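This briefing concerns the structure shown below.

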Amino acid sequence: MTEERVERLNFGVKGLMFNDEGKFLALHRWDAPQSPKLELPGGRIDFGETIEETLIREIREETNLEATPIELVTTWNYVKRDQTFQVVGIIYLASVTDLSTFKLSEEHDSYAWLELSELDRLARHFREPLEKQKEIISELVKQKRYGVV
């Protein structure tokens, strides 16, 4: 008897949000205690949503922050080890209106504000594409095209 393989493909969007110190927000999932790696806030697109609507909704759900998408930074790709699940997505630079409303959702158990030099603390599927765009992101940070507006 052969086992039928189920494959799922999802599309997601993540937000790269900086504070006034030029550090970006990274979250740790509660269901991955064995992994010290962090992710960016965001999630999967719901049918009928735009990418920007998804980003705004997911950031609100995960952090209680009101975000505004600014521009596309890069793409990312995650394939589960057993090859049954894949998420492809984009990372948007986003600004927020008020960091004092920040509250971590139940999906995550911790968070950190990281320097761009700390990209190694992110999961590989986020770290690698961001490293390729590090110079561009650094320039955006210098121009203050992010963060609290």
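The largest pocket is lined by 29 residues, and those nearest its centre are Arg 29, Glu 39, Tyr 78, His 125 and Phe 126. A pocket here is an open set of points on a 1 Å grid over the protein atoms alone, where a 1.4 Å probe fits, with protein on both sides within 12 Å along at least five of seven lines; lining residues have an atom within 4 Å of a point. The model is predicted: local features need pLDDT of at least 70 and side-chain atom pairs count only at pLDDT 80 or more, while totals for chains, interfaces and linings use all residues. Residues are numbered from 1 along each chain as its sequence is written, and side-chain values use heavy atoms, with hydrogens and water left out.

**The largest pocket**

- The volume of the largest pocket is about 1,000 Å³, where a volume is the space filled by probe spheres set on grid points that are joined across faces, edges and corners.
- At least two lining residues come from each of strand E1 (8-17), strand E2 (24-29), strand E3 (42-44), helix H1 (51-63), strand E4 (67-79), strand E5 (85-96) and helix H2 (124-132). Helices (H or I, at least four residues) and strands (E, at least two) are DSSP runs numbered from the N terminus.
- The lining comprises 12 charged, 10 nonpolar and seven polar residues. In this classification Asp, Glu, Lys and Arg are charged, Ala, Val, Leu, Ile, Met, Phe, Trp, Tyr, Cys and Pro are nonpolar, and the others, Gly among them, are polar.

**Strand pairing**

- E4 and E5 run antiparallel and are joined by 11 bridges; two strands pair if DSSP finds at least two bridges between them. Within this pairing, Pro 69 stands opposite Ala 94 in E5.
- The hairpin of E4 and E5 has five residues between the strands, and Gln 83 takes a positive phi near 65° there. Gln 83 is partly exposed, at a relative accessible area of 45%. The classes are buried (under 20% relative accessible area), exposed (over 50%) and partly exposed (in between), with a 1.4 Å probe and protein chains only.
- E2 pairs with strand E6 (residues 108-114) in the antiparallel sense over six bridges, and Phe 24 stands opposite Leu 114 in E6.
- Five of the six residues of E2 are buried, so that the strand is mostly covered.
- Ala 112 lies in strand E6 and is buried, with a relative accessible area of 14%. Leaving aside neighbours within four places in sequence, Ala 112 is in contact (heavy atoms within 4.5 Å) with Phe 24, Leu 25, Ala 26, Leu 38 and Arg 121.
- Ala 112 and Lys 23 are 89 residues apart along the chain, and their C-alpha atoms are separated by 9.0 Å.

**Helices H2 and H3**

- The buried residues of H2 include His 125, Phe 126, Arg 127, Pro 129 and Leu 130. The buried residues of H2 pack against E1, E4, E5 and H3.
- In helix H3 (residues 134-142), Ile 137, Leu 140 and Val 141 are buried. They lie on the same side of H3 because they cover an arc of only 100° around the axis, the arc being that of the directions from the helix axis to the C-beta atoms.
- The buried residues of H3 pack against E1, E4, E5 and H2.
- Exposed residues Glu 135 and Lys 142 are carried on the face of H3 turned away from its buried side. Glu 135 has a relative accessibility of 72%.
- The C-alpha atoms of Glu 135 and Arg 44 are separated by 27 Å, with the two residues 91 apart along the chain.

**Loop residues**

- Leu 40 is placed in the loop between E2 and E3 and is buried, with a relative accessible area of 0%.
- Beyond its neighbours within four places in sequence, Leu 40 is in contact with Lys 14, Gly 15, Leu 16, Phe 24, Leu 25, Ile 91, Leu 122, Phe 126 and Leu 130.
- The C-alpha atoms of Leu 40 and Glu 115 are separated by 13 Å, and the residues are 75 apart along the chain.
- Asn 64, in the loop between H1 and E4, has a positive phi of about 65° although it is not a glycine. Asn 64 is partly exposed, with a relative accessible area of 40%.
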